[in-house]
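Open the model in your viewer and keep the selection tool at hand. This tour moves from one selection to the next.

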Amino acid sequence: MTPASTRSSITPAARLRGRLTLPADKSIAHRALIFGALSGGPTMVTIRSPGLDVLSTLGCLRAVGVSIEQSGERYLLSGRPSRDAVVDCGNSGTTMRLLAGAVAGLPLTVTFDGDASLRARPMERVASILRAAGVEVTTTDGHGPMTVVGRDPLMPVRHVLPVASAQLLGAAVLAGMSAQGETTVEAPGPTRDHTERMLAHLGVPIHRDGRVTTVTGPARPLPFDMEVPGDPSAASAWLVAAALHADADLTMVAVGLNPTRLALVGLLQRMGVEIATRVSEVSGAEPVGDITVRGGRALRAVNISGGEVAQLIDELPLIAIAMASVGDTSEVRDAGELRVKETDRIAATVAGLAAIGAEVEPLPDGWRVRRGTSQSARIATHGDHRIAIAFAVAAVAGVASAVEIDDPDCVAVSYPGFWEDLAAVSG
Ligand code: S3P
């Protein structure tokens, strides 16, 4: 970043160098807090630099009566959800969907609400999963606010998910833990497997076999002590920034290296990038280690579709930036789920790419893109953290000649220290 760059106005960096410790993985942190609450405690969860989404889960758990004492990065949970409440999930779809599953098997009435973005996201999918297990759920025209009237016990069900979603799978499993017998969840494609790994580690009879997850209830996780690893989705920003830069060498330390979260590493390697991962420890049931990436290679175009999409879902705006650095055309298909994320990420990504001068064509379920001119632009994030980070990376790596981010603070949803880390690696 040149000295002229600020957090909302970013220009290409002369070089990218350094070692970064990232915020705790959002997906694992949500689950650790929710499983800890269901365990009854005492459970200790260490969460480095939690984003606003993780703080939303903490706030919701407190609102339903779980005691959470904070000491620095350590959160001590005790007591199970025990109070009716109206809870604020903020911007976090994972909070709303997983917690709905968690309270479904408890004799509580909980109303889940959130910000304007979350109120626009589909909740009927999770509602129908819980209804099938015998829970009374009402949504507001298919959206939040959503009220769950829990009961114990629930019915064991064989669910077939309409989309490959780890959030829906997690909600079905959490409800299944309050059913008498086997609940099975079949997903149309592979998803991140934190729910299965962590619950199995905590003594819950659960396993995944191909696309089918089975949990046998009634079951309750054991209390535990866990340090949440660094977020591989936060690492993705630096993987792409370094991959596209002529003079870059970055290492991310203590990152979660669960294979279901590393599809971006494989994809960038397919594009010709030099990346190495090294597992050094296991935290709970999650592998943890370092990732090193070097720039300076010419990249190849790539196409993404089918089952690969769910494993790259949060990385697709960044992948679009990588694609826009290549002269040949790349394509993303089967990614219609992006339209119901924090904003319509197909529309926001395509608009941003066009603004920075890429040759881009929107598709109903993705985009086609190749390198164009490198222009400066103001990026409309629509309050979406992943859009802000992707286009900051575009500028740092020189895919845009400069960008101004309309709402730089929105990165705090997943990565509160993003701008400081950007300043650190770009000197
Ligand atoms: C998440 C799953 C993904 C992802 C989200 C976190 C999770 O959503 O986009 O950021 O922790 O389960 P879907 O599984 O609904 O696609």
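The stops below cover a group of aromatic rings and then a sheet.

Bear in mind that this is a predicted model.

**Stop 1: the rings.** The structure holds four aromatic pairs. Select Trp-238 and Phe-418. Their rings are stacked, 5.3 Å centre to centre, with 20° between the planes. Now colour by helix. Trp-238 sits in helix α8 (residues 232-244) and Phe-418 in helix α14 (residues 418-425). The two residues are 180 apart, so the pair links distant parts of the chain. Are these two side chains buried or exposed? Trp-238 is buried, with a relative accessible area of 1%. Phe-418 is buried too, at 0%.

Stop 2: Switch to cartoon view. Which strands form the open sheet, and in what order? Four strands do, in the order β2-β15-β17-β16, with mixed pairing. β2 (16-21) and β16 (274-283) are the edge strands; each has a single partner, so one side of each has no neighbour in the sheet. From one strand to the next, the twist averages 10°.

**Stop 3: β2 and β15.** Select β15 (residues 248-256). Six bridges join this strand to β2, and the two run parallel. Pick Arg-17: its bridge partner in β15 is Asp-249.

**Last stop: back to α14.** Show helix α14 again. α14 lies across β2 and β15, running at about 140° to β2.

Notes:
Residues are numbered from 1 along each chain as its sequence is written. This is a predicted model: local features need pLDDT of at least 70, side-chain atom pairs count only at pLDDT 80 or more; totals for chains, interfaces and linings use all residues. Side-chain values use heavy atoms; hydrogens and water are left out. Rings of Phe, Tyr and Trp (its six-membered ring) pair if their centres lie within 6.5 Å; planes under 30 degrees apart count as stacked, over 60 as edge-to-face and the rest as tilted. Buried means under 20% relative accessible area, exposed over 50%, partly exposed in between (1.4 Å probe, protein chains only). Two strands pair if DSSP finds at least two bridges between them. Axes are lines fitted to C-alpha atoms, for helices over the stretch in contact, and angles run from 0 to 180 degrees between N-to-C directions. Contact means heavy atoms within 4.5 Å.
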